[in-house]
Amino acid sequence: MTTRSYTSNGLDPDITWTVDLDRCTGSGECVQACPMRILILDEGKADCVDIEMCISCCACVNACPNHAIVHSTC
Ligand code: SF4
Ligand code: SF4
């Protein structure tokens, strides 16, 4: 499994956001769903550009039709 994964260093509790690149098709629902606008598509795959801004709302996890995103508190 190839992933992009980020762990925060200043949140309480710290969280980890991971996308499985084998599952991600670049459909973009997660990018649209994130209220903090910290998700982008990079080379056709989801990416998180600022994990410290994540509010753990789980919108990205719930929006992904391919269950490609894992969030440590969702
Ligand atoms: S919604 Fe899922 S499949 Fe679509 S870009 Fe986001 S992580 Fe990838
Ligand atoms: S959990 Fe919420 S704030 Fe964090 S990346 Fe997903 S949609 Fe954005």
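Me: Which residue is the bridge partner of V19 in strand 5?
Reply: In this predicted model, V19 has I69 as its bridge partner in strand 5.

Me: How many bridges join strand 2 to strand 5, and in which sense do they run?
Reply: Strand 2, residues 16-20, is joined to strand 5 by 3 bridges, and the two strands run antiparallel.

Me: What about strand 1 and strand 2, how many bridges there?
Reply: Strand 1 and strand 2 pair over 5 bridges, in the antiparallel sense. One of the paired positions is T7, whose bridge partner in strand 2 is T16.

Me: In what order do the strands of that sheet come?
Reply: The order is 1-2-5, in an open sheet of 3 strands with antiparallel pairing. Strand 1 (3-7) and strand 5 (69-71) are the edge strands, each pairing on one side only. From one strand to the next, the twist averages 10°.

Me: Now the whole protein. How many helices and strands?
Reply: The secondary structure comprises 2 helices and 5 strands. Read from the N terminus, the elements follow the pattern β-β-α-β-β-α-β. The radius of gyration is 11 Å, close to the 11 Å given by the globule rule for 74 residues, so the protein is as compact as a globular protein of that length.

Me: What does the C-alpha trace span along its principal axes?
Reply: The C-alpha trace spans about 30 × 25 × 20 Å along those axes.

Me: And what share of the residues count as buried?
Reply: Of the 74 residues, 19% count as buried. As for contacts with a separation of 6 or more, 46% of them are between residues 24 or more positions apart.

Me: Where is N9, and is it buried or exposed?
Reply: N9 is in the loop between strand 1 and strand 2. N9 is exposed because 8 other C-beta atoms lie within 10 Å, and 12 or fewer is the cut-off for exposed. N9 and E52 are 43 residues apart in sequence, and their C-alpha atoms are 7.2 Å apart in space.

Me: Which residues does the cis peptide bond join?
Reply: The cis peptide bond joins D12 and P13, with omega about 0°. P13 is found in the loop between strand 1 and strand 2, and N9 is found in that loop as well.

Me: Changing topic: how many bridges pair strand 3 and strand 4?
Reply: Strand 3 and strand 4 pair over 4 bridges in the antiparallel sense. L39 has C48 as its bridge partner in strand 4. The two strands form a hairpin with 2 residues between them, and E43 in the turn has a positive phi of about 50°.

Me: What phi does R37 have, and where is the residue?
Reply: R37 has a positive phi of about 55°, although R37 is not a glycine. The residue is in the loop between helix 1 (29-33) and strand 3 (39-42). R37 counts as exposed because it has 11 C-beta neighbours inside 10 Å.

Me: And S56, where does it lie?
Reply: S56 lies in the loop between strand 4 (45-48) and helix 2 (59-63). S56 is not a glycine either, and its phi is positive at about 55°. With 15 C-beta neighbours inside 10 Å, S56 counts as partly exposed.

Me: Which residues come nearest to ligand 1?
Reply: Of the 14 residues around ligand 1, those that come nearest are C24, S27, C30, A46 and C64. The shell divides into 8 nonpolar, 5 polar and 1 charged residues.

Me: Which are closest to ligand 2?
Reply: C34, C54, C57, A59 and C60 are the closest of the 15 residues that surround ligand 2. The shell around ligand 2 has 13 nonpolar, 2 polar and no charged residues.

Conventions
Residues are numbered from 1 along each chain as its sequence is written. Chains are lettered from A and ligands numbered from 1 in the order in which they are written. This is a predicted model: local features need pLDDT of at least 70, side-chain atom pairs count only at pLDDT 80 or more; totals for chains, interfaces and linings use all residues. A residue is near a molecule or strand if its C-beta atom, placed from the backbone, lies within 6 Å of it. Ala, Val, Leu, Ile, Met, Phe, Trp, Tyr, Cys and Pro count as nonpolar, Asp, Glu, Lys and Arg as charged, and the others, Gly among them, as polar. Two strands pair if DSSP finds at least two bridges between them. Axes are lines fitted to C-alpha atoms, for helices over the stretch in contact, and angles run from 0 to 180 degrees between N-to-C directions. The radius of gyration is taken over C-alpha atoms; the globule rule is 2.2 Å times the number of residues to the power 0.38. A residue is buried if 20 or more other C-beta atoms lie within 10 Å of its own, exposed if 12 or fewer, and partly exposed in between; C-beta atoms are placed from the backbone. Two residues are in contact if their C-beta atoms, placed from the backbone, lie within 7 Å.
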